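Here are some notes for a colleague who is opening this structure for the first time. Please read them with the model in view.

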Amino acid sequence: RSLAFLRESGRHFTINRMLNFESVKQRLERESPLSFLEFNYMILQAYDFLELNRRHSAVLQFGGSDQWGNIINGVELGRRVDGVSLFGLTAPLLTTSDGKKMGKTASGAVWLNADLLPPFEYWQYWRNVADADVGRFLRIFTELPRAEIERLEALPGAEINEAKVVLANEVTRMLHGEECIEQIQATAAALFGGGNTADTDALPRIQVKAAEIGDGVPVIDLFVSLEFAKSKSE
């Protein structure tokens with residue numbers, strides 16, 4: 001099936017054109033490894049757009065600005081193969097002040113699903129953003145009045161942490177609800193605020209059977225279970 005796919009769809013793409021896409025050129029200029037799978041991903045995404053049109057009549061593909069080349073490949077493949085008019089729409093990438101994509105890596109992915117990223121960790125992500133990102137993130141991710149945002153981003157020195165807490169509270173409340181915020185604040189106060197309570201309800205937990213720890217558990221296994229690392233080798 002792979003050979004059939006390459007024979008039917010691959011012939012519509014040239015290496016010359018693929019090498020001219022900005023994403024590929026940047027990797028080559030940085031001498032960053034580029035696997036065969038990554039190089040051919042643009043063909044797979046283009047074919048995916050074509051199939052979505054065939055099966056579900058999709059005519060518009062949304063994506064980040066770094067996906068422009070892949071989307072255009074799908075537009076051209078649809079025109080050449082089926083004679084259909086397809087369209088693409090991209091938006092600027094959300095990046096931090098140092099230019100990195102937000103949540104791009106697996107270890108730092110900002111999942112909205114509580115099963116993939118516990119609410120407390122989601123709150124912590126926003127609480128720990130860089131000082132330079134606070135004002136912009138308040139404008140993008142919250143519905144606070146403009147005057148309040150300007151007040152918060154102007155807080156000097158360590159007081160900017162107040163703005164970070166507001167940012168974390170607002171975005172977490174929108175996603176997980178008010179009750180979740182109350183638990184998180186109680187947990188944060190117990191852990192970091194010198195509070196007298198020991199409320200840790202919002203902290204992520206793992207279940208370990210008594211039989212599993214009877215003879216002891218290697219600390220490296222605990223690190224993986226607690227998701228301090230994705231694998232033992234890491």
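1. Val-208, Ile-213, Val-217, Val-219, Ile-220, Leu-222 and Phe-223 form a nonpolar surface patch with about 540 Å² of accessible area together (Shrake-Rupley method, 1.4 Å probe, with only the protein chains shown counting as cover for residues). Patches take residues with over 30% relative accessible area and no salt bridge, joining nonpolar side chains (Val, Leu, Ile, Met, Phe, Trp, Tyr) within 5 Å and like charges within 9 Å; a salt bridge is a side-chain nitrogen of Lys or Arg within 4 Å of a carboxyl oxygen of Asp or Glu.

2. This is a predicted model, in which local features need pLDDT of at least 70 and side-chain atom pairs count only at pLDDT 80 or more, while totals for chains, interfaces and linings use all residues. Residues are numbered from 1 along each chain as its sequence is written, and side-chain values use heavy atoms, leaving out hydrogens and water.

3. Helix 12 (residues 219-225) gives the largest share of the nonpolar patch, 4 residues, where helices are DSSP runs of H or I with at least four residues and strands are runs of E with at least two, numbered from the N terminus. Ile-213 lies in helix 11 (residues 210-213) and is partly exposed, at 47% relative accessible area (buried is under 20%, exposed over 50%, partly exposed in between; 1.4 Å probe, protein chains only).

4. Ser-57, in the loop between helix 4 (36-56) and strand 1 (60-64), has a positive phi of about 60° although it is not a glycine. Ser-57 is exposed, with a relative accessible area of 57%.

5. Thr-142 sits in the loop between helix 7 (134-141) and helix 8 (146-153), and is buried at 9% relative accessible area.
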